[in-house]
Amino acid sequence: MKYLILALLVWSLVSCHDDCDPEDTRCSGNMAQICASDGDWQTVDNCSLVEPGEWECCEWAFIYEDAETAACIPLGECE
Amino acid sequence: MSRHILLDGPIQCLGGQHSPPKEVIRIINKYSKIKKDETMTKKEFKRLWNGLLTHFNARVIKKSDDELMEAIASFLDVLKIQNREAFLNNWAITLRHNIYLPFTVGDDSKITLEEQLIVLCHELTHVPQWDDPLFVLRYVSSTAHRAEEETEALIAGLEACHLLIGALPPLNEEAVKLKAYGCKKADIKVVEKALTMASIKIEKGGVSTEAGKVLRKLMLS
């Protein structure tokens, strides 16, 4: 029984996600994220950690397949 | 686990779209000058190579010299998953702090020194991933998570490629490599888009991966 509970616990850790549409992108805090094939948000880049200089996440950094897409760009360039 | 890390052949860095910032131009000029004079290579390569390995506390082992890799190659060959020679000659693998490479480090007769550094940056990204106790479970249980871990390593390779050569390879070709990892078409589409997101930052001169940052610092020092 305890193995079953452990397995369920591990499964819940691995499988939990906050539904999104695959390939959607967003800025979460200062992180550029993409929605994975399993509907879970994944971080592509933490803009606060980009070097050199200061960077910010911009939700309309570029157009990808006709959609505005998030990416890290130098601070002040997101207009 | 044997298919954990793969780089199937040398990375080709082809034309970037944007002008890199001054700092990157300085690095590129430095290295193209070195290349032209043919004095770069071995000494500078060694410095960068050793600096990267030291930072990650990793070591490199030639695959064909390692009994474990020989055993895995034979095992995969028997199961007809992968030809023995193809496994030993084409795939790079990282197991914890050990990086198994299919080429002789510093021998540029088959793969250039820049490409060797790019492969190393990719593999080094997997070293800290092993420190996550859920890494193996996540890697084997979900193709989406596997794609995520590999995306980070591919981004490190792209950063190294841009720093060393000044351009990026075709991103769709990078993403499609994950087919060999058992990733689905949907995962590969996500990876291609994620690499494009990262390329925006890279072409503007930014690095975010640990391997990219260390390489950049070493190149500037």
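User: Which residues are linked with D45(A) in a network of salt bridges?
Analyst: In this predicted model, local features need pLDDT of at least 70, side-chain atom pairs count only at pLDDT 80 or more, and totals for chains, interfaces and linings use all residues. A salt bridge is a side-chain nitrogen of Lys or Arg within 4 Å of a carboxyl oxygen of Asp or Glu. The residues in the network with D45(A) are E159(B) and K201(B).

User: How many salt bridges are there between chain A and chain B?
Analyst: Residues are numbered from 1 along each chain as its sequence is written, chains are lettered from A and ligands numbered from 1 in the order in which they are written, and side-chain values use heavy atoms, with hydrogens and water left out. E77(A) and K204(B) form a salt bridge through their side chains, at 3.0 Å from N to O. Over all chains the structure holds twelve salt bridges. Between chain A and chain B the count is five.

User: What separates R47(B) and E44(B) in helix 2 of chain B?
Analyst: R47(B) forms a salt bridge with E44(B), with the closest N and O atoms 2.7 Å apart. R47(B) is partly exposed at 30% relative accessible area, while E44(B) is buried at 15%. Because the two residues are three apart in helix 2 (residues 41-56) of chain B, their separation is about one helical turn.

User: What area is buried between chain A and chain B?
Analyst: The contact (heavy atoms within 4.5 Å) takes 30 residues from chain A and 28 residues from chain B. Buried area is the accessible area (1.4 Å probe) that two parts lose on being put together, summed over both. Carbon and sulfur atoms give 64% of the area, which is about 2,500 Å².

Note on methods: Helix = DSSP H or I, 4+ residues; strand = E, 2+ residues; numbered from the N terminus. Buried < 20%, exposed > 50% of the residue type's maximum accessible area, 1.4 Å probe, protein only.
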